[in-house]
Amino acid sequence: MVQSGRALLAAVVLLAQGAGYGAEREPRDDAWWTGPLLAPSAASPPQGHALIEPYVFDVVTTGRIDRSGAHHSAPADQEVGSLTYLLYGLTDRLTLGMIPRFFYQDPAGAPNSSGVGVGDLTLQAGYGLTRYQEGSYVPALAFVVDETLPTGRYDRLGRASDGVGAGTYATGLSVYSQDYFWMPNGRILRARLDFTYTLSSSVNVQGASVYATPEGFYGRAYPGDGVTVDAAAEYSMTRNWVLAMDVIYQYNANTHVRGSAPGVAVVEADSGSSYSVGFAPGIEYNWSARAGVLLGVRIISIGRNIATTVTPALAVNLVF
């Protein structure tokens with residue numbers, strides 16, 4: 001699967017770049033990167049070094065696709081948020097870190113958040129299985145485990161917009177890969193292919209919640225498992241400037257909610273499974289090998305049982 005992903009990414013950019021065969025190859029040290037908008041890196045920070053990468057973004061709802069695939073208009077809800085990758089190289093292969101999140105929601109036709117909310121916190125550990133070696137058919141590979149803690153508010157909501165967490169413990173198991181290709185004009189294409197499987201615990205729910213339960217509800221939610229596949233490529237136009245693109249597929253199994261509410265003996269609801277395909281073009285400017293900025297937008301307009309969204313985002317990548 002990794003081999004076929006590498007070949008596909010290389011073929012796409014070969015068609016886009018065209019001529020230039022025989023050009024001198026760009027040295028890898030001459031190419032500076034921040035990373036694409038969505039796909040994390042399989043490369044570990046060197047021992048004793050830290051990576052800090054804060055993101056700010058604005059999720060704008062543009063519509064909805066129902067379970068049958070029909071598109072519908074929807075109010076232009078907005079969710080402004082931030083997340084920050086804080087990673088430290090404990091050894092040259094072992095990376096530890098965390099990802100804190102913050103949100104502020106402004107739904108159309110409803111009260112906005114009462115303040116900036118603290119979202120769920122992710123703790124992460126990654127181990128480098130292989131490293132990139134020029135001439136080898138094996139890319140850099142890393143196995144990553146993350147645990148998301150329910151630090152965000154999710155139930156007993158006075159305002160629906162104050163719900164910024166899931167309430168569950170979620171375990172993500174990932175394999176990240178990264179490789180380099182030289183284009184016919186000598187410039188470098190850096191490619192990533194990441195796979196993640198996420199399992200979530202069930203959770204007690206009281207009152208109004210992010211699971212669309214009513215006031216007075218008491219019961220339990222059972223979120224379904226999720227799968228994410230992210231293929232990304234970065235093209236080194238110059239030492240400082242890079243074009244990036246992610247193509248991301250996400251699948252979420254059905255979430256089941258069961259409980260009771262005033263006047264109703266048993267309340268049961270199912271979200272239904274969903275999938276989405278998103279695209280995230282971006283452009284990077286790197287002022288050194290250890291510092292850069294990324295501007296991009298994630299567009300989700302293909303799928304079933306999802307909201308369609310446009311999410312502009314800005315990130316700064318710093319390695320110390």
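A polar contact is a pair of N or O atoms within 3.5 Å; within protein, one must be able to donate a hydrogen and the other to accept it, and residues adjacent in sequence count only if both atoms are side-chain atoms.

**View 1. The side chain of Thr-308 meets the backbone of Gly-63.** A polar atom of the Thr-308 side chain lies 3.0 Å from the backbone nitrogen of Gly-63. This is a predicted model, where local features need pLDDT of at least 70, side-chain atom pairs count only at pLDDT 80 or more, and totals for chains, interfaces and linings use all residues. Residues are numbered from 1 along each chain as its sequence is written, and side-chain values use heavy atoms, leaving out hydrogens and water.

**View 2. Thr-308 sits in strand S19.** Strand S19 covers residues 306-319. Strands are DSSP runs of E, at least two residues, and helices are runs of H or I, at least four; both are numbered from the N terminus. The protein has one helix and 19 strands.

**View 3. Thr-308 is buried.** Its relative accessible area is 6%. Buried means under 20% relative accessible area (1.4 Å probe, protein chains only). Across the protein, 42% of the 320 residues count as buried.

**View 4. Thr-308 has contacts from elsewhere in the sequence.** Contact means heavy atoms within 4.5 Å. Leaving aside neighbours within four places in sequence, Thr-308 touches Val-60, Thr-61, Thr-62, Gly-63, Arg-64, Ile-65, Ile-300 and Ser-301. In the protein, among contacts between residues at least 6 apart in sequence, 65% join residues at least 24 apart.

Terms used: Buried < 20%, exposed > 50% of the residue type's maximum accessible area, 1.4 Å probe, protein only.
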